[in-house]
Amino acid sequence: MTTRTSWADLAANSAAENVGVVSSSASNGVVGTTSSAGRPVYVPPHLRNRPPSADSPAPTSTGAASSNDRPGYGGSRGAAPRNEYNNRSGHGSGSSGGRLGGWGGRSGGWDRGRDREVNPFGNDDDKEQAFSEQESTGINFEAYEDIPVETSGDNVPPPVNTFAEIDLGEALNLNIRRCKYVKPTPVQRHAIPISLAGRDLMACAQTGSGKTAAFCFPIISGIMRGQIPKRPLRGARMVYPLALILSPTRELSVQIHEEARKFSFQTGVKVVVAYGGSPIKQQLKELERGVDILVATPGRLVDLLERARVSLQMIRYLALDEADRMLDMGFEPQIRKIVEQMDMPPPGVRQTMLFSATFPKEIQRLASDFLANYIFLAVGRVGSSTDLIVQRVELVHESDKRSHLMDLLHAQRANGVQGKALTLVFVETKKGADLLEQWLCMNGFPATTIHGDRTQQEREQALRSFKSGATPILVATDVAARGLDIPHVAHVVNFDLPNDIDDYVHRIGRTGRAGKTGLATAFFNDNNASLARSLADIMQEANQEVPAWLTGYAARSFGGRNRRPGGGRFGGRDFRRESSFNRVGSDYYGGGNSAGGYGGGYGAGITSAWD
Ligand SMILES: Nc1ncnc2c1ncn2[C@@H]1O[C@H](COP(=O)(O)OP(=O)(O)OP(=O)(O)O)[C@@H](O)[C@H]1O
């Protein structure tokens, strides 16, 4: 196997990201600080009276008090109607380009004069070195060069290679560095320019590939630079977020909120989360302090809307994470209510972004109701990205599952895979989760569980205990299948396989994230016969060894969702192109003029991947 280089390593080595670091040194009312280059920089009025502190917002490097009068920041681009992609002019240039800190002239956001923003990075900055060392075995970015990409739609903006060439704003760029993101991941390279151009997007990219940032960056940047109309006064205790990010589970909403807070640190953009199972009072209080981006689960949001505490009237950006899940039978009515039956601006007025690792065609069709003239993006991999997850499937009778799991865990122990190596075990039922957890604990394997019958407090405690390694085994139902980004999950065990192959894809995607390798083991028996064909297809696409007995099951079975033979798992194709798919179409990024450097073998790769 090739040696992999982590993104963090690349961060340490890269000088490409030319972001100015500003050090706070204002004193005695002197309105200025010193940049790393020694240049004095301007501190705007709203930041002047703060005591210098590690977590107080950094001073801005621009003299602008309104959001549209900086060269290159607002200018033609900020004021531009949607789709004005070509008028971009970098806003990070020189010492006056970026905006660290607030944005004047908008109501409804942070009360920046009084609130202090807690540093969401904690003391990560101090631990930079340790972090880089810890992340030393990760992704080989070179391996992404030939990743197959399908885009369709009108006038697709070209991808970028670096964050530096994307017009995100200095404060956001600084946070990207704090996150140790050196280069955009493939989905980010494509999706961010599309979103920054104001286009609606349906994006599909494999698990763990950085989709969260792909929708957060354009939203934060858009709010930072945007000409946002004045929001109504909040007299009636109603709040008017500018962006809404919906996700299917509470834990995922919490996670997106945490990420978005990091990305928006010191940008002046305020992110609030609202989800069920925890006291609404507290969330209402937080909302009343101002909200620009609301991250929410659908149920809690409907509650807030019905209580007339949130209005969607000012929504400019709508992002659905795990969009296929959000639009399947379970959630669709709630999503339609939120998006179509309340006061949210219609498609074409708001910008809508849908993201997932899977996008069945029937869901694409439903989703298209929410979009206007959208671009479909599928960033997939012929082989190696999912090679990161070694997939094993074992024939295990129902009654042997426990002892089989025990064998696996003992083998892990014997191999010294302990400590920080976490194991996530998926089961079908909540009761099954509790019983398995108890049994594991009784047998000397500290475990905890997460499922819908546990209180939110218990769920959050379980997740914390798992993440910390205190209970290195988490037994979960599908509530933990999607989106959760838990470092050090080395092994995912499908103790009970799901009925739907997409659920399998999301479950195993809890390991092998962001370039790390992982292992996924599935226990298969007659009860899973309907999954055999799609499972075999998935494994084959990812260059995994498919056992002969599974091929036998696959040959005999007619069930399971019908997959395209020969690959193209991730995202599949734009359903709009079903009959007119053009394998050498001009909207592939291939050939000599590709900004992404896809050329040569790429065309051949995509033919075999997508046909
Ligand atoms: N450009 C980048 N450089 C380095 N790490 C990144 C970059 N972008 C994202 N990451 C990291 O990659 C991990 C996976 O990202 P994320 O959770 O957004 O994946 P995802 O595509 O949404 O996955 P899923 O489909 O499971 O929801 C996170 O830990 C994130 O911090």
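**View 1. The span of residues 161–189 has its end C-alpha atoms 6 Å apart.** This span is 45% helix and 0% strand; helices (H or I, at least four residues) and strands (E, at least two) are DSSP runs, numbered from the N terminus. An unreviewed UniProt entry annotates residues 161–189 as "short sequence motif: Q motif". UniProt positions are given in the numbering used here, with feature names shortened, and annotations may be inferred rather than shown by experiment. The model is predicted: local features need pLDDT of at least 70, side-chain atom pairs count only at pLDDT 80 or more, and totals for chains, interfaces and linings use all residues. Residues are numbered from 1 along each chain as its sequence is written.

**View 2. Domain 1 (141–379) and domain 2 (389–557) are given by the domain assignment of the protein.** The bounds come from an automatic or database domain assignment. The centres of the two domains, taken over C-alpha atoms, are separated by 29 Å. Domain 1 brings 17 residues to the contact and domain 2 brings 16; two residues are in contact if their C-beta atoms, placed from the backbone, lie within 7 Å. On the side of domain 1 that touches domain 2, helix 7 (residues 250–263) gives the most, with 4 residues. That side of domain 1 consists of 4 nonpolar, 8 polar and 5 charged residues (Ala, Val, Leu, Ile, Met, Phe, Trp, Tyr, Cys and Pro count as nonpolar, Asp, Glu, Lys and Arg as charged, and the others, Gly among them, as polar).

**View 3. Helix 11 (residues 332–341) has Ile335, Ile338 and Val339 buried.** A residue is buried if 20 or more other C-beta atoms lie within 10 Å of its own, exposed if 12 or fewer, and partly exposed in between, with C-beta atoms placed from the backbone. Down the axis of helix 11, the buried residues fall within an arc of 85°, so they line one face; the arc is that of the directions from the helix axis to the C-beta atoms. These buried residues pack against helix 9 (298–306), strand 9 (317–321) and helix 10 (323–326). Exposed Pro333, Glu340 and Gln341 are on the face turned away from the buried side of helix 11.

**View 4. Strand 17 (residues 518–524) is largely enclosed by the rest of the structure, because 7 of its 7 residues are buried.** Gly518, Ala520, Ala522 and Phe524 point one way from strand 17, and Leu519, Thr521 and Phe523 the other way. Strand 12 (residues 389–395) pairs with strand 17 in the parallel sense over 7 bridges; two strands pair if DSSP finds at least two bridges between them. Arginine 392 stands opposite threonine 521 of strand 17. Strand 16 (residues 489–494) also pairs with strand 17 in the parallel sense, over 4 bridges, and asparagine 494 has alanine 522 of strand 17 as its bridge partner.
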